[in-house]
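User: I'd like to learn how to read a structure like this one. Could you take me through it feature by feature?

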Amino acid sequence: DNDDNNDNDNDNDNNIDIECGCTVDTTEYIITEIHEITVASKFTGKQTFGTAGTSTFHATVIYSAQVDITAERTFGGTGTISYGAGAVLSIAATVVYNIQTSFTSMALTITQSVTYTATTVMTQTSVTLHHTMLLQASTVTFTGTTIQGTGSCSYTRSIGGFLNSLSSTFETALGVVATGLNRRIDTSTLLVTTLCGSNHGDLTFASSTALLAYLNCSASSTYSSTAGAGTFA
């Protein structure tokens, strides 16, 4: 249901947002263990996930304010999550996103492990990473995004996938690892990393991965990419 504060009232009953065609809820909520949304919704009030549990979304859910996750949480469902302009997300507990997720023109701070298993897109996003960011989706795209901090990022899958870094800056280390068989005959099973106009710290590519470093692309007026130490296993 959409009764996020357990008051037996549908919380998604306010104004309709013209841009997203979804109901707008300005109330601040403390999310409990079971959390389900089935109506396209935009939340402009603060959200606190302070109890361990699962959130299941079967519609588009947009956050445009402060979101604090302080207890273990798994997000899933057939819908999508969008952290839009004005959103400030703090992840201070282990979080898993098994749902398509996008971040646009917002700030993200990560102090505990976060895992993304479904399509993930970060655009013009500022990420402060002090733990591990685990990327496991078939497609992950960073555009105009900055990742800095003391943590690390890895892209790991057992089958083929694409990690795209476009006009982005990774001050943290990035590792790309294909699990399972070390020798791949079919190129569709490779993990492909695409760099276009990006700046990276240390890069590590394990067996059965591929690197495309474009010298001429449309993502940025500065086409070349730079990196720290590069390791190919």
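Analyst: Let's start with one residue. Ser 113 sits in the loop between strand E15 (107-110) and strand E16 (114-116); strands (E, at least two residues) are DSSP runs, numbered from the N terminus. This is a predicted model, where local features need pLDDT of at least 70, side-chain atom pairs count only at pLDDT 80 or more, and totals for chains, interfaces and linings use all residues. Residues are numbered from 1 along each chain as its sequence is written, and side-chain values use heavy atoms, with hydrogens and water left out.

User: Is Ser 113 buried or exposed?

Analyst: Buried means under 20% relative accessible area, exposed over 50%, and partly exposed in between (1.4 Å probe, protein chains only). Ser 113 has 14%, so it counts as buried. Setting aside neighbours within four places in sequence, its contacts (heavy atoms within 4.5 Å) are Ala 93, Thr 94, Val 95, His 131, Thr 132 and Leu 134.

User: How do I read the sheet, and what is the order of its strands?

Analyst: Strands of a sheet pair through backbone hydrogen bonds, either parallel or antiparallel. Here, two strands pair if DSSP finds at least two bridges between them. This open sheet has nine strands with parallel pairing, in the order E3-E6-E9-E12-E15-E18-E21-E24-E27. Strand E3 (29-31) and strand E27 (199-200) are at the edges with a single partner strand each, so one side of each has no neighbour in the sheet. Within the sheet, E9 and strand E12 (residues 88-91) pair over four bridges, and Ile 69 has Ile 91 in E12 as its bridge partner.

User: Which residues have the most contacts inside the largest nonpolar core?

Analyst: In soluble globular proteins, nonpolar side chains tend to be buried together. A nonpolar core is a set of buried Ala, Val, Leu, Ile, Met, Phe, Trp, Tyr and Cys residues joined through side-chain atoms within 4.5 Å. The largest one has 45 residues, and those with the most contacts inside it are Tyr 83, Leu 89, Ile 91, Tyr 97, Leu 108, Tyr 116 and Met 133.

User: How many salt bridges are there?

Analyst: A salt bridge is a side-chain nitrogen of Lys or Arg within 4 Å of a carboxyl oxygen of Asp or Glu. The count is one: Asp 68 with Lys 46, their closest N and O atoms 3.5 Å apart. Asp 68 is buried at 15%, while Lys 46 is partly exposed at 34%.

User: Where does pLDDT stay under 50?

Analyst: pLDDT is the predictor's confidence in each residue, from 0 to 100. Where pLDDT is low, the predicted coordinates should not be read in detail. It stays under 50 over residues 1-10, and is below 50 over residues 219-223 as well.
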